[in-house]
Amino acid sequence: MELTLNIYDGGKVAKTYKANEFDLLWGTMEDLVNCIDLDKADDTVEVGKMVLKVLPQIKPLLKQIFPGVTDSEIRCAKVKELVPIFVSAFKYAFSEIGSLVDGKQGN
């Protein structure tokens, strides 16, 4: 799975980071999972609260996935392009947790 993070300057792509694979630290996964309440996923207001709760975890997550990206560069990324990265990171986190339960732990 390839993930791409575009950094914009004046509306044009100034730099692109790519990641074919990544490892998330347990603390990052734990912080992300603690922000999600699946029972409230259909409630727009509650989803908004979850998004606000996860905001402080965005930069550490992106820095783990895209080594070398800076805080100032992250400020120049488009939100709509971040969504697929987060979805992939959540899927990865849950699949890794699932593999621990199934006893199929990777490297």
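**Pocket, core and rings**

The largest pocket has a volume of about 510 Å³. The model it belongs to is predicted.

**Largest pocket**

- The lining of the largest pocket is made up of 20 residues.
- Nearest the centre of the pocket lie V51, V54, I58, F86 and F90.
- Three elements each supply at least two residues of the lining: helix 2 (44-54), helix 3 and helix 5.

**Largest nonpolar core**

- The largest nonpolar core holds 25 residues, and those that touch the most other members are L5, L24, L62, I65 and F66.
- Two or more residues of this core come from each of strand 1 (3-9), strand 2 (12-19), helix 1 (26-34), helix 3 (58-65) and helix 5 (79-102).
- Leaving aside residues up to four places away in sequence, I65 touches L3, A19, F22, L24, I85 and A89.

**Aromatic rings**

- How many aromatic pairs does a search of the whole structure find? The search finds 0.
- The ring of Y8 has K78 over its face, at 4.3 Å from the ring centre.

Technical notes:
Residues numbered from 1 in each chain as written. Predicted model: local features only at pLDDT ≥ 70, side-chain atom pairs only at ≥ 80, totals over all residues. Heavy atoms only, no water. Phe/Tyr/Trp six-rings, centres within 6.5 Å; stacked < 30°, edge-to-face > 60°. Lys NZ or Arg CZ within 6 Å of the ring centre and 35° of its normal. Core = buried A, V, L, I, M, F, W, Y, C linked by side-chain atoms within 4.5 Å. Buried < 20%, exposed > 50% of the residue type's maximum accessible area, 1.4 Å probe, protein only. Helix = DSSP H or I, 4+ residues; strand = E, 2+ residues; numbered from the N terminus. Contact = heavy atoms within 4.5 Å. 1 Å grid on protein atoms, 1.4 Å probe; cavity = no way out; pocket = protein on both sides within 12 Å on 5 of 7 lines; lining within 4 Å. Points joined across faces, edges and corners; volume = space filled by probe spheres on them.
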